[in-house]
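Please consult the sequence and structure shown here.

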Amino acid sequence: MENIVRFDTVSEYNAYYNTDTQHPLVSVIDLSKSDKKITIRLNFGFYTIFLKDVKCGNLRYGCNYYDYQEGTLVFLAPGQVMGIENNGELYQPQGYALVFHPDLIRGTALGRHIDEYSFFSYDVHEALHLSESERKIIIDCFQKINQELEQPIDKHSKKLIVNTIELFLNYCVRFYDRQFITRDTAHKGILERFETVLNDYFQSEKPQTLGLPSVGYCAEQLFLSANYFGDLIKKETGKSAQEYIQSKVINTAKERMFDRHKSVSEIAYELGFKYPQHFSRSFKQHVGQSPNEYRIQNN
């Protein structure tokens, strides 16, 4: 069985990289100052952000590999597993890591909204690729956090550190927005392929066996994580992926309503609704008419 080393505390992780613990809940680590390491996989009990500076092996996430090039940011939420793959040879860590424990942000505005930073749940090939100017901003945020950590802890420490982490994350939101636009090759045709996935779904027997199509199902068909996929669709259409699916369901229902040989209940089951009354309620909510009213008016 593959060896996985778990780090529950920031101090344990600091010790692994020969870094002094200046604060028990947060640290900025210069990975290049560490001894050479052997390949292992790591399980983190805290939020971890890696900034890669140079090529030092492939970063493995689950059973796959990150699109992890020089000048790349990778975000991990507590409980995720990551490791470097390099054929078992010793390697010299490079770059920086910002780590902070959930207890640091508990009770703060950032703690209440941390789930809104969906890139902590992005999957492989969805890392943030930084321009040189963006990298400078990230390094500046790391330095500001580190400067505060070098001060004696007082009543202002937590607020200043947490606010800087929040500022850093907000910059990352901006940089991801830029990436969604500039990485057209990687994202080319995503909306068209999404539409194809939905068309194929409704032309198959899957609605009867799986129910209504989910965001997770569609993302999986497009080899994307649900969060990354949802953010892409939001940027492209202004709608959430779930809203887009709901719109597709209603439009498909409208088309099938013209087939007078099918009852409203049959159409509901064909679309994946478990109960016809749920279909009728959803249809009226979106169209302003019941299915039967719509059928009468348009036939």
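The lining of the largest pocket comprises six nonpolar, five polar and four charged residues. Here Ala, Val, Leu, Ile, Met, Phe, Trp, Tyr, Cys and Pro count as nonpolar, Asp, Glu, Lys and Arg as charged, and the others, Gly among them, as polar. The model is predicted: local features need pLDDT of at least 70 and side-chain atom pairs pLDDT 80 or more, whereas totals for chains, interfaces and linings use all residues. Residues are numbered from 1 along each chain, and side-chain values use heavy atoms, without hydrogens and water.

The volume of this pocket is about 340 Å³. Of its 15 lining residues, Val 28, Ile 29, Asp 30, Lys 33 and Asn 146 are the closest to the centre. Strand β2 (26-30) and helix α4 (132-149) each give two or more residues to the lining, and α4 gives the most, with four. A pocket is an open set of points on a 1 Å grid over the protein atoms alone where a 1.4 Å probe fits, with protein on both sides within 12 Å along at least five of seven lines; lining residues have an atom within 4 Å of a point. The volume is the space filled by probe spheres set on the points. Helices (H or I, at least four residues) and strands (E, at least two) are DSSP runs.

Ser 27 lies in strand β2.

| Property of Ser 27 | Value |
|---|---|
| Relative accessibility | 4% |
| Side-chain polar contact with the side chain of Asn 14 | 2.8 Å |

Ser 27 counts as buried because its relative accessibility is 4%, the limit being under 20% with a 1.4 Å probe and protein chains only. A polar contact is a pair of N or O atoms within 3.5 Å, one able to donate a hydrogen and the other to accept it.

Definitions and conventions
Buried means under 20% relative accessible area, exposed over 50%, partly exposed in between (1.4 Å probe, protein chains only).
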